[in-house]
Amino acid sequence: MEETPVYNSGKLSDASPVGSVSSAEIAQEFSGLTLEEQEAQRAEWSQELARVEEEITTLRTVLQSKMRLAGELKRKLGITMWKEISDDVSQGLKNVKESTVYHTVESKVGEITTAVTSAPIYQKTETAIKTTAGKTTSVLGGITSKMTQKISEMKQSDSFRSFEERVGSAYENVRSKVSSRSSSVQSLSDLQNDERRSSITTPTAIPEEKIVP
């Protein structure tokens with residue numbers, strides 16, 4: 001009985017566990033085969049590998065051609081890369097919003113918000129804020145009212161009336177002085193105009209020429 005050779009079993013087992021398993025499977029497949037049959041099996045596997053690699057190359061070429069055609073059609077339709085990214089993002093957001101996880105999280109957030117707003121400490125804080133705001137408005141209103149009352153009382157006082165009368169008298173004196181000065185200037189101007197008119201209308205006497213005998 002011939003020995004069944006184990007090809008590269010040491011190297012495969014040293015490389016990785018996967019290599020060790022593959023070597024064991026190959027050894028099991030080759031256990032009942034002769035050397036000629038093992039060589040024939042290897043040749044068959046090589047041919048199959050070459051055929052698969054050729055198909056991969058063909059498919060890759062076809063895929064590249066299809067991708068170029070798709071890019072050309074998108075260019076003609078005005079579909080840019082940015083639009084594709086925007087559409088992908090929009091679709092992703094839509095999928096997220098429609099997902100069960102999103103609705104569950106949204107429901108939990110709503111429950112937490114309701115629990116927080118319904119808590120006694122939150123209600124007390126909200127009431128305290130509203131009370132403080134109301135007190136502040138009331139204080140400002142009281143200050144404004146008191147200021148208005150003080151101004152009214154000041155206007156009714158004797159000292160304010162005396163001051164108001166003094167201001168009025170000073171204004172009248174200044175206005176009368178300005179009016180009198182304006183009248184004086186106007187009178188002087190009228191007098192100069194009259195003199196100018198009289199000098200123009202009065203004829204100047206021309207001396208007679210004496211006849212020399």
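Me: Why is Q38 called buried?

Reply: Buried means under 20% relative accessible area, exposed over 50%, and partly exposed in between (1.4 Å probe, protein chains only). Q38 has a relative accessible area of 1%, so Q38 is buried. The model is predicted: local features need pLDDT of at least 70, side-chain atom pairs count only at pLDDT 80 or more, and totals for chains, interfaces and linings use all residues. Residues are numbered from 1 along each chain as its sequence is written, and side-chain values use heavy atoms, with hydrogens and water left out.

Me: In which helix does Q38 lie?

Reply: Helix α3, residues 35–77, holds Q38. Helices (H or I, at least four residues) and strands (E, at least two) are DSSP runs, numbered from the N terminus. The protein has 7 helices and 0 strands, in the order α-α-α-α-α-α-α.

Me: Which backbone oxygen does the side chain of Q38 reach?

Reply: The side chain of Q38 reaches the backbone oxygen of L33, at 3.3 Å.

Me: Why is V89 called partly exposed?

Reply: The relative accessible area of V89 is 47%, and therefore V89 is partly exposed. V89 lies in helix α4, residues 81–98.

Me: Which residues make the nonpolar surface patch of about 590 Å²?

Reply: M81, W82, I85, V89 and L93 make this patch.

Me: What percentage of the 213 residues of the protein count as buried?

Reply: Of these 213 residues, 2% count as buried.

How values were computed. Patch = residues over 30% accessible without salt bridge, like charges linked within 9 Å, V, L, I, M, F, W, Y side chains within 5 Å. Areas by Shrake-Rupley, 256 points an atom, 1.4 Å probe, with all protein chains shown as cover. Salt bridge = Lys/Arg side-chain N within 4 Å of Asp/Glu carboxyl O. Polar contact = N/O pair within 3.5 Å; in protein donor to acceptor, adjacent residues only side chain to side chain.
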